[in-house]
Amino acid sequence: MLKLKAPDSYYTLSAQDKAQICNGMGAKDSLISSFIPNTFYGLDMTECGNIHDYMYHIGKTEDDKNDADRTFLSNMIKTINAKSRNGFMRWIRRSRAMKYYTAVAEAGNTAYWAGKKPH
């Protein structure tokens, strides 16, 4: 099984806590999230989104947000490299990963800072 980078506390979450915090791709409780696919051309990327959701949940600073976003990209690329059978699928899935990364890096502040005081 592919081991993705995440805080140790992520891997000890109960199923109930994980369900309350994580929802795969897209901001939790956002209407638009229901339209954001958890798959990249057939490859399930839900766990990458879940880890990102959790890191946003526990993060407290701008550096924490940036670390969550970089970890998100790294985990997506790791998943793509490990599970794509050919170069074309790796390339097209990496292109999608970069779009998701850019979206969270540039527009994820609202989701990250929800319920927190910006520093």
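## Largest pocket

Four helices each supply at least two residues of the lining of the largest pocket: α1 (15-21), α2 (46-58), α4 (87-107) and α5 (109-113). The structure is a predicted model. Of these contributors, α2 gives the most, with 5 residues.

The space in the largest pocket comes to about 650 Å³. Its lining consists of 27 residues. Gly26, Ala27, Lys28, Asp53 and Ala111 lie nearest the centre. Sorted by class, the lining has 14 nonpolar residues, 9 polar and 4 charged.

## Second largest pocket

The second largest pocket has a volume of about 220 Å³. Helices α2 and α3 (62-83) each supply at least two residues of its lining. Again α2 gives the most, here with 3 residues.

Met1, Leu2, Lys3, Leu4 and Tyr11 are among them. By class, the lining divides into 6 nonpolar, 2 polar and 4 charged residues.

## Packing of α2 and α3

Two packed helices are described by the distance between their axes and the angle between those axes. For α2 and α3, the axes come within 9 Å and cross at roughly 170 degrees. Angles over 145 degrees count as roughly antiparallel, so α2 is roughly antiparallel to α3.

On the α2 side, the contact is made by Cys48, Gly49, Ile51, His52, Met55 and Tyr56. On the α3 side, it is made by Lys65, Asp67, Ala68, Asp69, Thr71, Phe72, Asn75, Met76 and Thr79. The residues of this contact divide into 7 nonpolar, 5 polar and 3 charged.

## Thr12

Thr12 sits in the segment before α1. Is Thr12 buried or exposed? Its relative accessibility is 65%. Exposed means over 50%, so Thr12 counts as exposed.

Thr12 can also be placed relative to Tyr100. The two are 88 residues apart in sequence. In space, they are 26 Å apart, C-alpha to C-alpha.

Technical notes
Residues are numbered from 1 along each chain as its sequence is written. This is a predicted model: local features need pLDDT of at least 70, side-chain atom pairs count only at pLDDT 80 or more; totals for chains, interfaces and linings use all residues. Side-chain values use heavy atoms; hydrogens and water are left out. On a 1 Å grid over the protein atoms alone, a cavity is a set of points where a 1.4 Å probe fits but cannot get out, and a pocket is an open set with protein on both sides within 12 Å along at least five of seven lines; lining residues have an atom within 4 Å of a point. Grid points are joined across faces, edges and corners, and a volume is the space filled by probe spheres set on the points. Ala, Val, Leu, Ile, Met, Phe, Trp, Tyr, Cys and Pro count as nonpolar, Asp, Glu, Lys and Arg as charged, and the others, Gly among them, as polar. Axes are lines fitted to C-alpha atoms, for helices over the stretch in contact, and angles run from 0 to 180 degrees between N-to-C directions. Angles under 35 degrees count as roughly parallel, over 145 as roughly antiparallel, 65 to 115 as roughly perpendicular and the rest as oblique. Contact means heavy atoms within 4.5 Å. Buried means under 20% relative accessible area, exposed over 50%, partly exposed in between (1.4 Å probe, protein chains only).
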